[in-house]
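Some labels given to parts of a structure rest on cut-offs.

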Amino acid sequence: MKFAIILLILVAIACMVGSFVPQGEMFDTYRDAYSERTAAFLLAFHLDDVFHSWWFIALTALLCLCLLFCNITRIKALISQTKNAGDPALALREAPQASAGHVADPRAVMKRLRFYRPIETQIDGKDVLFGSRNHIGFWGAWVCHIGIVLIVLGYAFGQMTLYSSYLYGTPGQTKPIEGTPYTLTIDAFRTEHSESGFVEQYVAELTVTDPATQQTQSGVASVNHPAVLNGLKFYQTAAGVAARVTISEDGKPIDSTDLCVGEEMTIDFLPGFSMYLYGYDEDHLGEPAYHVLFFYQGQHMDTGANYFAPGSTIELSPYSITLSEPIEYTQLRVKKDSFAWLAGVGAFLTTLGLFAALYLVPETVWAVREEDGTWTVNGRSRKLAPLFAEQFDRAVRGKEAKH
């Protein structure tokens, strides 16, 4: 168990590192964020891809094996312990933690202790009443360990096989879902407000299509309520403003696309030329305006004007670019964790094991008839002996035991 605890701490530290250090980035990204030496250290020890590193997999495997072996070695003892707990002869050989003599009605005492159906038997020529309960409590820690193993395996396998990407767009747009054969159509997107005007929820209505079979699935994603479509989970993560950019030639529209804040678009009729929607200012000199930057062959162009009101047109004779009124766009996180169910089962078993270990305490009560016709009542609890002794004393004095 000591070795298992050390391994568990190391796995927890590794998971924290994998959560705080951005994963899967290039050397330059880490160098800019930290330093050149730190970046080299991160890559040398695979801290840029913790959950796929050989040492993390080895730690996880060792931890699971250690916990499994701990459980395997305890099975025989637990079976014997569970069996012996229900044996009156063995109970009489143990020293009681609470005892009371000259009891006229032992059944009443046992009933107040919640032992409603004691076994009647004879041991060494004496009449005996025996009751035991909560044998499952012996197995609490064992079940809890199995749950921890499943949680670790579910999280580790889930991280090693995790699919995650981001996708954003405006209502009506259809975009490919990176790394999958599917496409996503944003059917609608809306912001819901409270009566006082505060934003309460962002809601996206989505449809996933399999182009090979033309089969579709539709659903609704909102904050804290992901949509599950074609085995993928869609989380509503952010919202923003987009502009519908219409390109015209001699006044005739030839192309139209939605450009989201933070997105760049190239223009086919001007090779090397691109425009970047930097932001949307609702109060630029008293009026709303798009903040647009222009680039040529990757270099920023000083055009003298970078703010354009919605509906305005940028002239590039014989072409023109018109920016529409602002449109809300949604940003979605697309995720698939094939082993989340395994971690869920592990969490359930861990909770079940903790409940059994902490609340289902194995207890035994037995009463022996003495030669004068009265009874001696004894009791024993595997845990919380002082509390059990207090409850036993209340029951002997004719009061209901508190639980």
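Q: Where is proline 318 found?
A: Proline 318 is found in the loop between strand 17 (313–316) and strand 18 (319–323), where strands are DSSP runs of E with at least two residues and helices are runs of H or I with at least four, both numbered from the N terminus. This is a predicted model, in which local features need pLDDT of at least 70 and side-chain atom pairs count only at pLDDT 80 or more, while totals for chains, interfaces and linings use all residues. Residues are numbered from 1 along each chain as its sequence is written, and side-chain values use heavy atoms, with hydrogens and water left out.

Q: What is the peptide bond from serine 317 to proline 318, cis or trans?
A: The bond is cis, with omega near 5 degrees. Most peptide bonds are trans.

Q: Why is asparagine 224 called exposed?
A: Exposed means over 50% relative accessible area, buried under 20% and partly exposed in between, for a 1.4 Å probe and protein chains only. Asparagine 224 has a relative accessible area of 69%, and is therefore exposed. This residue lies in the loop between strand 8 and strand 9 (227–229), and has a positive phi of about 70 degrees although it is not a glycine.

Q: What makes asparagine 230 count as partly exposed?
A: Its relative accessibility is 22%, so asparagine 230 falls in the partly exposed class. Asparagine 230 is found in the loop between strand 9 and strand 10 (232–249), and its phi, near 55 degrees, is a positive value in a residue other than glycine.

Q: How do you know that strand 5 and strand 6 pair?
A: Two strands pair if DSSP finds at least two bridges between them. Strand 5 and strand 6 (residues 183–193) have three bridges, in the antiparallel sense, and so they pair. In strand 6, threonine 185 is the bridge partner of threonine 174.

Q: Why is one side of strand 5 and of strand 8 left without a neighbour in the sheet?
A: Four strands form an open sheet in the order 5-6-7-8, with antiparallel pairing. Strand 5 (174–176) and strand 8 (215–222) stand at its edges and have a single partner strand each, so one side of each has no neighbour in the sheet.

Q: How many residues of each class line the largest pocket?
A: The lining has four nonpolar, six polar and three charged residues, where Ala, Val, Leu, Ile, Met, Phe, Trp, Tyr, Cys and Pro count as nonpolar, Asp, Glu, Lys and Arg as charged, and the others, Gly among them, as polar.
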